[in-house]
Amino acid sequence: MSLHIGSIAPDFEQDSTEGRIRFHEWLGTSWGVLFSHPKDFTPVCTTELGRVANLTAEFKRRNVKVLAVSVDSVDSHREWAKDIEETQDCELDYPILGDSDRKIANLYDMIHPEANDTLTVRSVFFIDPNKKIRALITYPASTGRNFQEILRVIDSLQLTDSHKVATPADWKSGDDVVIAPAIQDEAELARRFPKGYRAVRPYLRLTPAPDR
Ligand code: BEZ
């Protein structure tokens with residue numbers, strides 16, 4: 001299945017290191033980040049899972065549940081988890097889905113046969129509380145992901161959901177944002193952006209962070 005921004009994240013039921021997961025039910029009213037790993041006991045994945053474990057407070061603060069998947073069994077994940085905790089100085093406090101049957105990998109199109117026909121690439125799916133896919137990123141197995149960027153994307157999605165703004169290049173939470181070009185009425189601009197705005201061009205208008 002080909003998944004895009006705006007698709008409903010496919011539901012599934014699968015075993016994990018924290019028991020059976022019914023995905024949509026497990027997400028509840030939270031946002032979700034589902035991220036794939038090519039294989040257990042591999043170096044880059046080990047650092048990534050440790051990094052996420054050290055950032056779980058940041059994900060929780062944003063009402064995001066994180067869920068990893070790797071194409072090996074839950075028993076293998078449990079053995080690997082000991083190594084991750086020991087080498088990355090962390091406590092793995094989120095589930096890793098078993099996927100020996102490649103059910104999740106296939107459902108989410110995480111295997112790119114031109115790269116490798118059995119292992120997944122590094123996919124990340126950002127899922128909102130309505131179970132809609134709001135962003136996806138894909139890296140090759142050789143490139144570890146930047147999880148600060150993943151938090152930054154969540155910050156942008158959550159901010160732009162609640163204000164008529166967009167976030168410019170290299171934006172970080174707290175920086176100025178861009179006013180949606182559709183808003184032209186001065187009274188509406190004054191109401192929505194009481195801190196004022198700066199028009200660099202008529203189509204490029206910046207306003208201070210509306211959530212601060
Ligand atoms: C890794 O996680 O280190 C890795 C996995 C598969 C291919 C290359 C690297």
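Predicted model: local features only at pLDDT ≥ 70, side-chain atom pairs only at ≥ 80, totals over all residues.
Visitor: Why is R145 called buried?

Guide: The relative accessible area of R145 is 6%, and buried means under 20%, exposed over 50% and partly exposed in between, with a 1.4 Å probe and protein chains only; R145 is therefore buried.

Visitor: How do you know that the side chain of R145 makes a polar contact with the side chain of E48?

Guide: The distance is 2.5 Å, and a polar contact is a pair of N or O atoms within 3.5 Å, where within protein one must be able to donate a hydrogen and the other to accept it, and residues adjacent in sequence count only if both atoms are side-chain atoms. A polar atom of the R145 side chain also lies 3.0 Å from the backbone oxygen of S123. Leaving aside neighbours within four places in sequence, R145 is in contact (heavy atoms within 4.5 Å) with residues including E48, R122 and S123.

Visitor: Which residues are around the ligand, and what polar atoms face its oxygen atoms?

Guide: The residues around the ligand are P38, T42, P43, V44, C45, R122 and A141. An oxygen atom of the ligand is 3.0 Å from an N or O atom in the side chain of T42, one is 2.9 Å from a polar backbone atom of C45, and a polar side-chain atom of R122 lies 2.9 Å from a ligand oxygen. Helix α2 (residues 43-53) supplies the largest share of this shell, 3 residues.

Visitor: Why does P208 count as partly exposed?

Guide: P208, in the segment after β11 (204-207), has 30% relative accessibility and therefore counts as partly exposed. Not counting residues up to four places away in sequence, P208 touches D176, V177, K195 and G196. The C-alpha atoms of P208 and E186, 22 residues apart along the chain, are separated by 17 Å.

Definitions and conventions
Residues numbered from 1 in each chain as written. Heavy atoms only, no water. Near = heavy atom within 4 Å. Helix = DSSP H or I, 4+ residues; strand = E, 2+ residues; numbered from the N terminus.
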